[in-house]
Amino acid sequence: MRSTRILLAALLLVGATSPLGAANREHEQLMADIRMLQEQNQRLQQALVSLADTLKTVTARLDEQGAATRKGFADQKLVVDSVAGDLRVLREKLDETNVRLTSLSQDVDGVRDMIPKLAAQPAPLTSADPNAMPAQPVPQGTTAAPVGAAPLAVPPANATGTTPRRLYETAYADYTAGQWSLAVQGFETYLKTYPKSDLADDAQYYIGESYSGDSRFREAAAAYERVISDYPQSDILPEAYYKVGITYERLGQPDRARTAYEYAVKAFPDTDAGRLAKQRLDGLNRRPR
């Protein structure tokens, strides 16, 4: 009986200690898991710090590269601006050279016109002069001038007696001085003498400008229209169309003015004359018809 009681007590004791052991093992496993998580968290924090440092380094390098790129672009812009300035200077010099060449070409044309006319004139004959040259043989079919007759007048080499450039500049000086009639006369003389020169279209245009300055708008419109009809490749064509519109407005003919403006806007939209024509056209379209 006694032994039975001892056995039961032992069994009870073993049953009581088994749950405690199991609880201890679970506690130990849990602590091990916590320590593992803490170590992983610590490694993650170290990795984040390292990643942040790397990110700062990359950002700094990107900033340096960006600054270098911006500086490179700025340097390239300076170079491009410098080249553009040089090209502009060269273009201006080229234009000046072309103007001088045109002037020289016109002067050469004037001299060339003078040569055959001078060569065709006979030498003047004077009265009996012991020092006079012997009389030249008279070609068959011609009549010699009588001895003692007055010297033969030698006509000027051309209708103006001056070079094309000088003639044009004289007429332009009259235009800028407001001498409208003299300017018209000068430009018309230029056109009659040098109808195929490079400045012929400009001369015709300034005839219109002179008439317009003199408030003779009907004649001005006709002169501008001559620019359009006679010089279809002229670089002053946009201004001619615009001025045609202006003169017809002043003549009280808005429909004809509108036609001229519309063509200028359509054909020459990127020119100053085209933009001015657009403004005038908008003003006309706002008026009641």
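The legends below describe an overview and several close-up views of a predicted model.

**Figure 1**
Residues are numbered from 1 along each chain as its sequence is written, and side-chain values use heavy atoms, with hydrogens and water left out. Because the model is predicted, local features need a pLDDT of at least 70 and side-chain atom pairs count only at pLDDT 80 or more, whereas totals for chains, interfaces and linings use all residues. The chain has eight helices and zero strands, where helices (H or I, at least four residues) and strands (E, at least two) are DSSP runs numbered from the N terminus. Read along the sequence, the pattern is therefore α-α-α-α-α-α-α-α. Of the 289 residues, 24% count as buried; buried means under 20% relative accessible area, exposed means over 50%, and partly exposed lies in between (1.4 Å probe, protein chains only). The chain exposes about 20900 Å², and carbon and sulfur atoms supply 59% of this area, as computed by the Shrake-Rupley method with a 1.4 Å probe, for which only the protein chains shown count as cover of residues. Among contacts between residues at least 6 apart in sequence, 52% join residues at least 24 apart, a contact being heavy atoms within 4.5 Å.

**Figure 1. Confidence along the chain.**
The predictor's confidence in each residue is given as pLDDT, from 0 to 100. The chain averages a pLDDT of 80, and 67% of the residues score at least 70. Among the elements of the chain, helix H1 (residues 2–120) has the lowest mean pLDDT, at 75, while helix H4 (residues 200–213) has the highest, at 98. Over residues 124–157 the pLDDT stays under 50, and for this stretch the model has 18 contacts beyond four places in sequence. Where pLDDT is low, the predicted coordinates should not be read in detail.

**Figure 2. A nonpolar surface patch that includes Ile-34.**
Leu-30, Met-31 and Ile-34 make a nonpolar surface patch of about 240 Å². Patches are made of residues with over 30% relative accessible area and no salt bridge, with like charges joined within 9 Å and nonpolar side chains (Val, Leu, Ile, Met, Phe, Trp, Tyr) joined within 5 Å. Ile-34 lies in helix H1 and, at 35% relative accessibility, counts as partly exposed.

Gln-204 is found in helix H4 and counts as buried because its relative accessibility is 5%. A polar atom of the Gln-204 side chain lies 3.2 Å from the backbone oxygen of Ala-223. Leaving aside residues up to four places away in sequence, Gln-204 touches Leu-191, Ala-223, Arg-226, Val-227 and Tyr-231.

Lys-243 is found in helix H6 (residues 237–250), and its side chain makes polar contacts with the side chains of Tyr-205, at 3.3 Å, and Glu-209, at 2.8 Å. A polar contact is a pair of N or O atoms within 3.5 Å; within protein, one must be able to donate a hydrogen and the other to accept it, and residues adjacent in sequence count only if both atoms are side-chain atoms. When residues up to four places away in sequence are not counted, Lys-243 touches Tyr-205, Glu-209 and Tyr-224.

Side chains of opposite charge can pair when their charged atoms come close. A salt bridge is a side-chain nitrogen of Lys or Arg within 4 Å of a carboxyl oxygen of Asp or Glu, and by this rule the count comes to eight. Arg-216 forms one with Glu-219, the closest N and O atoms being 3.7 Å apart. Arg-216 is partly exposed at 34% relative accessibility, and Glu-219 is partly exposed at 33%.

**Figure 3. The salt bridge between Arg-258 and Asp-255 in helix H7.**
The side chains of Arg-258 and Asp-255 meet in a salt bridge (3.2 Å, N to O). Because they are three residues apart in helix H7 (residues 254–267), Arg-258 and Asp-255 are separated by about one helical turn. Arg-258 counts as buried at 7% relative accessibility, whereas Asp-255 is exposed, with a relative accessible area of 53%.

**Figure 4. The salt bridge between Arg-280 and Glu-249.**
The side chains of Arg-280 and Glu-249 meet in a salt bridge (2.9 Å, N to O). Arg-280 lies in helix H8 (residues 272–286) and Glu-249 in helix H6, so the pair ties together parts that are 31 residues apart in sequence. Arg-280 is partly exposed, with a relative accessible area of 34%, while Glu-249 is buried, at 16%.
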